[in-house]
Amino acid sequence: MVNLDYQEIGLRVGLEIHQQLDTEHKLFCGCPTRLSERPGVRFIRILRPTQSELGQVDQAALFEFKKGRKIEYEASSDTSCLVEMDEEPPHRLNEEAIDTALTVSLLMNSKPVDEIHVMRKIVIDGSNTTGFQRTCVVSLGGSVGREKIGIQHVSVEEDAARKTGETEQTSNYSIDRLGIPLIEIATAPSIRSPQEAEEVALEIGRLLRATRRVKRGIGTIRQDLNVSTRQGALVEIKGVQRLNLIAEIVEGEVARQISLLKIRRELEARGLEEEDLREEFHDVSSPFAETESKVLTAALKRGGVVLAALLPKFGGLVGMELHKGVRLGTEMAQRAIFWGGVGGIFHTDELPNYGVSQREVQELRERLNASGGDAVVLVADSKEKAQEALRAVFDRARECLLGVPEETRAANDDGTTRYMRPRPGAARMYPETDVPPVPVTEERLARIKMNLPPMPEDLVNQLIQTYKINRKLAEQLADSDYLQLFEDLAGRTKVATSFLATTLTEVVKSLGREGVPVDNLSCEKITEVFGAVDSNLTAKEAVPDLLKWLAQRPESNVQEAVEKLGLAMLTETELRTKINTLLDKNVELLKERGEVSTGKLMNMIMAEVRGRVEAKKVDELLKEEVAKRLTRP
Amino acid sequence: MKSTGELEGYKGRAYEILSSANVSVGDKIRIIRDGETYEGGLMPRSELGDDLHVVIKLGSGYNVGVKITRDSKIEKIGVGAKPTFTSPQQPASRRDLERVDIISTGGTIASRVDYRTGAVEPALSAADLYSTVPELSEIANINAHILYSELSENITPKHWVGMANKILEVVKSGTDGVVVCHGTDTMTYTSAALSFALRGLPVPVILVGSQRSSDRPSSDAATNLLGAVAVASKAPFAEVAVAMHSDSSDKTITVHRGTRVRKCHTSGRYAFRSINSLPLAKYDLQRAMLEMVSSDYLKRDPNKKLELKADFNEKVLLTKFYPGMSSGIIEWAIDKEYSGIVIEGTGLGHVSRTLQGSIRKAVDAGILLGMTSQCIWGRIDMNVYTTGRDLLSLGVVPLEDMLPETALVKMMWALGQTRDPGEAKSILTTNVAGEISERTVPDDSNW
């Protein structure tokens, strides 16, 4: 990893954190804030782009609309009502959500507004049934972290519907998630390094968890990054789901922008002008009539064509790696896929390959009068789609002359990003007139100030004092998603608090490292497991195995787990029998070592009964039985 | 002091401070209060708001309310530009398309949003309609007329008469179909009124509205309008009807007979249902195809001559009976010299015997009394129980399977033509526009 001088590059990063709140109800209705497991009713909608006063329509929206795309929604009665279906106006703004947001605002010294106004922000991809997202600003300004990174605003908004599938003509969404309150914290773009970005995100995450009113688990927090470099451009990266990917994504984006700037300089050096990029598409279906490329033949068989176009002076650049295996050609392909609906593109920097022969490449170059320093791009699909795809490639090629295009990109799990859509114009927002404005009164702020949760460091000390656990466990708990669950259970369960804390931190982490899908462990399931220990269904030593089993089988329950794993509690009689059987087998050992042999015997019996009885009990009974035998005449 | 126009919605303290700072909505302002500074575009105030806050739109696009205290300072730091929008040119008339006249009475079927101020402006001229619903240019040649701009709860029988006259005008000028844009709240009262007032329609008259505001991308407005225009231009029937969504999906528009339709949901797209009858037709948006559901309808015929019978006697009361109801309301109607009363009775057409005295008085005073049911579905039959028979003998007129709202409108219409209760009764009980049928059949149409 090259050590980059981020200041020299002029790196500026802004963070936008979206966190789901664990309120009792959704933001604008009384529905519960969880996902549904039942099938529901389905309905189909078409969302129309609206006109502004100046007769303008959002281009991306118009593009989607013209494709004739339909949206199929599914609504289950356990999690959705007519408000989410856009068949009923929204109810009042959820006070619990506002209180939580104001709590976070105060923790960040962000000044609450005097009156909260809900806005409609146009979003027409189907993720909101109304075609807009309801959102409101709750506070302005503030700062977070050691470096006092500025906060632009804290806002509260509805989460979007959950995409469940897509075909060429339809997008499928479940509206269970729609309306769950989100808190959005937007920082100023004053973060200067990838590491700092991750630290600020961690700090904000800590503050959010400190309120105890946020949801846990994958998908409950989403992080967006705005990354710009001095000579590059502002790129929006959406949907970074894991905190520990943030630094990597920022590094990757910086590398990508630097590479694109290199490409620009190289194109300048090669003397490329915009007019040189002529959108002349050649039908090269016949040279490829006998090709061994499966992709090309399949398209031709379906009645499509192979179109090719010349990218003058791009030779060697299309195949150039921007970062981590992503090439300029990859970006061009992503554009072609988005705008043309094709499967991908081929280009001469990567040919011959994929069944395309050297001879075919040569013929291609001849046909298009391509010299060694030029590249040729190929698309195979229906004529219309292939043309759209090539046009998109040319748009991207022209952007290479500018350097870095402004885009909205999506984060991938491997730390790279992919093209998502063009940067939207100014957000189209107008008042949500169905919901009256909410004044933020002095009384409300005073009440919230009195009930501020402890800051993370104070929280750790509190945990140590209240639950008598060590600092390491307390710190892990404070950062953990299970903090609230720990406090709930600590009051109710009979197991020792340190055992509880260890289970919720170290045990879960270690299972996760093993590859066990611990995200499947809901708070309810974990509570069930400890309930089983409390009711003597099983021993506490069984807990890790039970958690592992349940994580792998989310539909199951603890009774089944205990049964299937053979972890039911042993009765005293059963235990004595086992101990005596063991002692019968080890008569010699007993004779030789007497009482001292209990250590070894303990290991042997525990291997058999671990998880089915408390170790203490085993120890007790073992000692009894050994004593009995030793005192026999 | 409350204001309109440049300081829209502001009153009291906020109004005073804003007006002395010489700013109007749209201007960029700076507010300094207690050492805090806020900058943004001045936005209008809603009627629900107090007089202590000023609303500004921040650079991020969000609106916030800023509390104004006695020593707050407001400065203008930029002037708001009023956008001048000229509709794009209307598409040229096409010879292969029919002509449809769209008459607006209120209820925005199309609008534009000024994202800078949040204002939602109706878009009602023909050019506006083509611009916001471009698919219209493939369906018909549109003439647009703006007749009224009323929320439909403010529509009165006088408006019905105005609409009937306007429809007569456009029909005489040779239209192939009429669409009336109307708020949904009282749309079915209007559709009933027009059904009675327009005698000998040569072309269809289709009322249309939207349940979900037209500024939102999900609105049912555009598809309802497309359906209504398509039906108006091509339907084989010439009656007054209501065209609205069939269900929650954007797939089908149901066309309901104007005397048989009821708004059955406060907010859903699927609010409108045909009661005690099949709908007239349905329109498939995807395939752009109209399919008749009913086989019993008045046919389109350009040779028919439209005549108006548009007199409505407004002194008709509609009242819903409930347990313990006092006869006071009937006494009041007698006292105020009402000409007719429509009662929404219970079940087959019943009210408590405690009302019989006033009912007799009303009949004796020459008031026409008609009975409908609050059950919504079903037919009146006052022969089955004593209560019904008693009411019949008092002179209450059973109104068959008419909707109470339709019965009200019809009674106003009947009493608008004659003062004689006997004659009015005869008009009332004779089917004119499909509002009364002899048979209530099971729905086996699979429509």
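B:Glu400 is where I'd like to start, everyone: this residue sits in the loop of chain B between strand 23 (397-398) and helix 9 (404-417). The phi of B:Glu400 is positive, near 55 degrees, and the residue is not a glycine. With 30% relative accessibility, B:Glu400 counts as partly exposed. On that scale, buried means under 20% relative accessible area, exposed means over 50%, and partly exposed is in between, using a 1.4 Å probe and protein chains only.

A quick word on what we're looking at: this is a predicted model, where local features need pLDDT of at least 70 and side-chain atom pairs count only at pLDDT 80 or more, while totals for chains, interfaces and linings use all residues. Residues are numbered from 1 along each chain as its sequence is written, chains are lettered from A and ligands numbered from 1 in the order in which they are written, and side-chain values use heavy atoms, leaving out hydrogens and water.

Let's step back to chain B as a whole. Its secondary structure comes to ten helices and 23 strands, and its C-alpha trace spans about 80 × 60 × 35 Å along the principal axes. Of its 447 residues, 55% count as buried. Taking contacts in chain B with a separation of 6 or more, 68% are between residues 24 or more positions apart; contact means heavy atoms within 4.5 Å.

Now, which residues have the most contacts inside the largest nonpolar core? They are A:Leu93, A:Leu225, A:Leu311, A:Phe314 and B:Val54, in a core of 114 residues. A nonpolar core is a set of buried Ala, Val, Leu, Ile, Met, Phe, Trp, Tyr and Cys residues joined through side-chain atoms within 4.5 Å. Apart from that one lies another core, of 50 residues, including B:Phe196 and B:Leu428. Going back to A:Leu93, and leaving aside neighbours within four places in sequence, its contacts include A:Leu27, A:Phe28, A:Ile116 and A:Val438.

On to the helices of chain A. Helix 5 (residues 246-269) has 24 residues and reaches 35 Å from its first C-alpha to its last, close to the 34 Å expected at 1.5 Å a residue. That expected span is 1.5 Å times one less than the number of residues. Just after helix 5, A:Gly271 has a positive phi of about 80 degrees. Helix 7 (residues 328-340) has 13 residues, and its end C-alpha atoms are 18 Å apart, in agreement with the 18 Å it should span. Among the buried residues of helix 7 are A:Leu328, A:Glu331, A:Met332 and A:Arg335. Helix 7 is followed by A:Gly341, with a positive phi near 70 degrees.

Most residues other than glycine have a negative phi, and most peptide bonds are trans. Where is there a cis peptide bond? It joins A:Leu351 and A:Pro352, with omega about 5 degrees. A:Pro352 is in the loop between strand 19 (346-347) and helix 8 (358-367) of chain A. A:Tyr354 lies in the loop between strand 19 and helix 8 too, and has a positive phi of about 55 degrees although it is not a glycine. Is A:Tyr354 buried or partly exposed? Its relative accessible area is 46%, so A:Tyr354 is partly exposed.

Conventions. Helix = DSSP H or I, 4+ residues; strand = E, 2+ residues; numbered from the N terminus.
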